[in-house]
Amino acid sequence: MTDGTSTTTAVTGARPDLPDPPDAAAERRPADGPLPAEGPGGPESPRPPSRPAPADGMVRRYARLGKLDVYDYYLGIPIVLAAVLATGGGITARTGLLLGVFLVAQVCLLMALVAFDDVTGFRDGSDITNYGPDHPLRNVQRKPLVAGTLTVPQALRFAWCCAVAAALLFAATYALAPHRPLWTAVGLAVLWAAALQYSYGVRISYHGFQEIYLVALGFALVVLPYGMITGRAAGLLLVQAVLFGFGPLMFGVYSNTNDVEGDRSVGRPTVAALLSERGNARFIGTLSLAEFLLVAVASATGTAPWWFLPLMLPASLLRLRQYLLGFREGDIMRARRVGFAVHRVGVALMVVSHLVVGLTS
């Protein structure tokens, strides 16, 4: 709340950072020491709470591990498609295939990201704590390692297979590209490598870059395919790529607000963990205002059409509702869910903006 009272005691939902996503767990296992207890993944895994395993197949378990039901990061493709159509160039079979391959590649990459994230959260015990008996309303089946339906070796094999598939598909995307500026090749390589290191390996989110990373990831998923199709990226498309990145940022920071105690206990330097409750509320309020000002400045300077600001107003009002719900009413996880709605409405409005540009140009 804006008066500094706690907002984290009334929440009951899961805590994804990225697509569901991924949950805010990251690897905190000591680099040179064993983990304290045995579990279903062998001696390197802690023991999860005792829960009955669901009677479902392996495909569904891996789909849960990869968070396939969360599609928000894949919504950049409609923006790119609409932007290309607005240029008057049209979509050829080649560019359509490029977009399809890129979509599958990013699905594979993000499944790898969240699977690695679940492994690290299980190893350090944070997911077991957050989905254990003290939080009975959380859906433990969204964490197959905690639920005991998959083992750590199975999750790691899945993650690495997805990562290799993503690399091959990104290479195929680049080979299909009608335009191949150097920055798109570098961007694809950085996108792949950084996604795997988010909460695994070098653990990007443990060095104070989590919030920047979330925006950059969404930005790349819009700019890179557009650049490979048109050979450039400027103006309205760049503004919209940043706005697309704000989507995951703005449900991520609410997740971090919910997870502040756990993040502090393992030394994860999210803004919510570093600041006071009031300071974090002001930070998120500033982000919300910055998102609105980005649209306003773009419209005022001609980077976007003058009508882009009123067009995006429904998303801006929903963003305000999200903030009030989280920090005035104190319902952080419900506010986080509103963040998904803001993102989806914003994507729809950005697609409409390109259709209007195409019709009026």
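Author: Let us begin with Thr257, whose side chain reaches the backbone oxygen of Val253 at 2.8 Å, bearing in mind throughout that this is a predicted model. Thr257 itself lies in helix H9, which covers residues 236-258.

Reader: What makes the pairing of the Thr257 side chain with the side chain of Asn280 a polar contact?

Author: The two side chains come to 2.8 Å, and the cut-off for such a pair of N or O atoms is 3.5 Å, so the pair falls within the limit.

Reader: Why is Thr257 called buried?

Author: The relative accessible area of Thr257 is 4%, and buried means under 20%, so Thr257 is counted as buried.

Reader: Which residues form the nonpolar patch on the surface, and which elements give two or more residues to the patch?

Author: The patch is formed by Leu289, Phe292, Leu293, Val297, Leu313, Leu317 and Leu320, which together have about 600 Å² of accessible area. Helix H12 (277-301) and helix H14 (313-327) each give two or more residues to it, and H12 gives the most, with four.

Reader: How do you know that helix H3 is mostly covered?

Author: Of the 31 residues in H3, 24 are buried, and buried means under 20% relative accessible area.

Key
Residues numbered from 1 in each chain as written. Predicted model: local features only at pLDDT ≥ 70, side-chain atom pairs only at ≥ 80, totals over all residues. Heavy atoms only, no water. Patch = residues over 30% accessible without salt bridge, like charges linked within 9 Å, V, L, I, M, F, W, Y side chains within 5 Å. Areas by Shrake-Rupley, 256 points an atom, 1.4 Å probe, with all protein chains shown as cover. Salt bridge = Lys/Arg side-chain N within 4 Å of Asp/Glu carboxyl O. Buried < 20%, exposed > 50% of the residue type's maximum accessible area, 1.4 Å probe, protein only. Polar contact = N/O pair within 3.5 Å; in protein donor to acceptor, adjacent residues only side chain to side chain.
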